[in-house]
Amino acid sequence: MAYDRNNIFAKILRGEIPAHKVFEDEQTLVFMDVMPQSDGHTLVVPKAAAENLFDLDPAMAAAVMRTTQWVAHGVKRAFNADGITLMQFNGPVAGQTVFHFHMHVLPRYADQPLRSHGRSMAEPRILEEHARMIRAALEI
Ligand code: AMP
């Protein structure tokens, strides 16, 4: 499948639709997942067009992982999480629903299972507050 320039994350990257942004640098953008599977569920995307792991430039993969590791520290601190799960899906059968490569950063809390994937929208003011908490923990 060719990269679809109109996927929702491409639109966020072009500023055509809003997102609760946490951080960006030259190569990556970090924002809150609108249907969080746990409080603080954050997404890290490369700015370059890539549908999935298989067409992601290795240098871009390194940039995504560098940002992911750094943001995971902030998410863990901000939410006092007991652990962090990273998730990343490639292809519809693997559970991918948005076809621009992304890494899920999921804070985990003792005795709390993850909520369902992509099911219920969080309130914008809560997502904005969560983005603010992560920025504060990262001191940015
Ligand atoms: P995946 O199944 O790995 O492709 O996950 C796509 C993720 O994107 C899901 O967790 C959705 O909740 C999330 N999502 C969909 N639309 C948006 C959006 N406009 N802003 C932020 N997250 C989104």
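How many helices and strands are there in the protein chain?

1. The model is a predicted one. Its protein chain contains 3 helices and 5 strands. Followed along the sequence, these elements come in the pattern α-β-β-β-α-β-β-α. The radius of gyration of the protein chain is 14 Å, close to the 14 Å given by the globule rule for 140 residues, so the chain is as compact as a globular protein of that length.

2. On overall dimensions, the C-alpha trace of the protein chain spans about 40 × 30 × 25 Å along its principal axes.

3. Where does the ligand sit? The ligand is found in the largest pocket. Two elements give two or more residues each to the shell around the ligand: α1 (8-13) and β2 (28-32). The largest share, 3 residues, is from α1.

4. The ligand is surrounded by 17 residues, and the closest of them are Asp33, Thr97, His102, His104 and His117. Sorted by class, the shell around the ligand consists of 10 nonpolar, 6 polar and 1 charged residues.

5. Which residue places a polar side-chain atom 2.7 Å from an oxygen atom of the ligand? That residue is His102, which is also listed among the closest residues to the ligand.

6. A polar backbone atom of Gly95 is 2.9 Å from an oxygen atom of the ligand. For Val98, a backbone N or O atom lies 2.9 Å from an oxygen atom of the ligand. As for burial, the ligand taken alone exposes 500 Å², and the protein buries 92% of that area.

Methods: Residues are numbered from 1 along each chain as its sequence is written. This is a predicted model: local features need pLDDT of at least 70, side-chain atom pairs count only at pLDDT 80 or more; totals for chains, interfaces and linings use all residues. Side-chain values use heavy atoms; hydrogens and water are left out. A residue is near a molecule or strand if one of its heavy atoms lies within 4 Å of it. A polar contact is a pair of N or O atoms within 3.5 Å; within protein, one must be able to donate a hydrogen and the other to accept it, and residues adjacent in sequence count only if both atoms are side-chain atoms. Accessible areas come from the Shrake-Rupley method with a 1.4 Å probe; for residues, only the protein chains shown count as cover. On a 1 Å grid over the protein atoms alone, a cavity is a set of points where a 1.4 Å probe fits but cannot get out, and a pocket is an open set with protein on both sides within 12 Å along at least five of seven lines; lining residues have an atom within 4 Å of a point. A molecule sits in a cavity or pocket if more than half of its atoms lie within 2 Å of its grid points. Helices (H or I, at least four residues) and strands (E, at least two) are DSSP runs, numbered from the N terminus. Ala, Val, Leu, Ile, Met, Phe, Trp, Tyr, Cys and Pro count as nonpolar, Asp, Glu, Lys and Arg as charged, and the others, Gly among them, as polar. The radius of gyration is taken over C-alpha atoms; the globule rule is 2.2 Å times the number of residues to the power 0.38.
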